[in-house]
Amino acid sequence: MTGVELRVVSYNVRGLRDDGAAVARVLRELDPDVVFIQELPRVVLWRGRAASFARRADLLYAAGGGSTGGTALFTAVRVDLREVQEHRLRRTPGLTRRGLVLARLEKDGVAFGAGSLHLGLDAGERARHLTDLTGLVNRLDLPVTVLGGGLNEPPEASTWTRLASQYADAGASDPTPTYSVARPRRRVDGIFVRGAEVTSYRVVDTPDVRAASDHFPVVAELLLR
């Protein structure tokens, strides 16, 4: 059966504080259709900086950054952006404000939803925010949805388990750590899919990746029927 191939990447870029040029090279090499970004710079002309960085990576800036706690969404020119939403999640006193970027996208005539997320360091907050973002994603009302981002907990933890009960965890069979680059020990970044087939998944490790950030990027190849 034929379908539309889609390559998606989730990447925590650590505010581009390590080597922004290396981050851009990593993304150009991966040539993704959609990128779920975490920890994009979120102060001082952040939207213009986000768009400029996306261009360096041969991508288009869709939304996110300062308005969503550093969570953002980039797309390739071959993907059509039909609608984009920026959401701030409920604040927890004393913790970083988190956000979500949602989009209706289309590639080669096939529509799908995409959501970039970055959950927090507190387990209770992660549980609350998953409930909130699940409701927002469901309002897109699309049969195919792809979520990507950092959950700040391992796959056996409760919030990850809840999310994986609603979506296919693209890396469920691959325990390769995604954090940290210096001392790889935890899988905390993931891609979650509903309504599409996951044909491949990998954690990327190259010299540029090791210079770029403290997280490894994850990439999944999907088939949209």
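# A quick tour of the fold

Strand S7 (residues 110-118) is largely enclosed by the rest of the structure, because eight of its nine residues are buried. Keep in mind that this is a predicted model. S7 belongs to an open sheet of six strands with mixed pairing, ordered S5-S6-S7-S8-S10-S9.

**Around strand S7**

- On one side, S7 pairs with strand S6 (residues 99-107): eight bridges join the two, and they run antiparallel.
- Leu 105 has Phe 112 in S7 as its bridge partner.
- S6 and S7 make a hairpin with two residues between them, and Asp 108 in the turn has a positive phi of about 50°.
- S7 also pairs with S8, this time in parallel, through six bridges.
- Here Gly 115 is partnered by Leu 147 in S8.

- Across from Ala 168 you'll find Val 193 in S10.
- Helix H4 (residues 158-166) packs on the sheet, where it touches strand S8 (145-150), S9 and S10, and its direction makes about 25° with that of S10.

**Two helices side by side**

- H4 also packs against helix H3 (residues 123-138), at an angle of about 20° and with the axes 9 Å apart.
- That angle is under 35 degrees, so H3 counts as roughly parallel to H4.
- The crossing of H3 past H4 is right-handed.
- On the H3 side, the contact is made by Ala 123, Arg 126, Ala 127, Leu 130, Thr 131 and Thr 134.
- H4 contributes Thr 159, Arg 162, Leu 163 and Gln 166 to that contact.

**The nonpolar cores**

- The largest nonpolar core has 54 residues, and Val 8, Tyr 11, Leu 27 and Phe 74 touch the most other members.
- Helix H1 (residues 20-30) supplies the largest share of this core, with six residues.
- Not counting residues up to four places away in sequence, Leu 27 touches Val 9, Tyr 11, Pro 32, Val 35, Phe 53, Ala 57 and Leu 59.
- Another core lies apart from this one; it has 17 residues, among them Leu 102, Leu 119, Trp 160 and Leu 163.

**A closer look at Phe 74**

- Phe 74 sits in strand S4 (residues 72-75).
- Its relative accessibility is 0%, so Phe 74 counts as buried.
- Leaving aside neighbours within four places in sequence, Phe 74 has contacts that include Asp 33, Val 35, Ile 37, Leu 40, Phe 53, Leu 60 and Tyr 61.
- Arg 55 is 19 residues from Phe 74 in sequence, and the two are 9.8 Å apart in space, C-alpha to C-alpha.

- The peptide bond from Tyr 179 to Ser 180 is cis, with omega near -5°, and Ser 180 is in the loop between S9 and S10.
- Leu 16 isn't a glycine, yet it has a positive phi of about 55°; you'll find Leu 16 in the loop between strand S1 (4-12) and H1.
- With a relative accessible area of 22%, Leu 16 is partly exposed.
- Leu 45 isn't a glycine either, and it has a positive phi of about 55°; Leu 45 lies in the loop between strand S2 (34-38) and helix H2 (46-56).
- Leu 45 is exposed, with a relative accessible area of 73%.

Notes. Residues numbered from 1 in each chain as written. Predicted model: local features only at pLDDT ≥ 70, side-chain atom pairs only at ≥ 80, totals over all residues. Heavy atoms only, no water. Pairing = 2+ DSSP bridges. Helix = DSSP H or I, 4+ residues; strand = E, 2+ residues; numbered from the N terminus. Contact = heavy atoms within 4.5 Å. Axes fitted to C-alpha atoms, helices over the stretch in contact; angles between N-to-C directions. Core = buried A, V, L, I, M, F, W, Y, C linked by side-chain atoms within 4.5 Å. Buried < 20%, exposed > 50% of the residue type's maximum accessible area, 1.4 Å probe, protein only. Parallel < 35°, antiparallel > 145°, perpendicular 65-115°, else oblique. Left-handed = near helix turned anticlockwise from the far one by under 90°.
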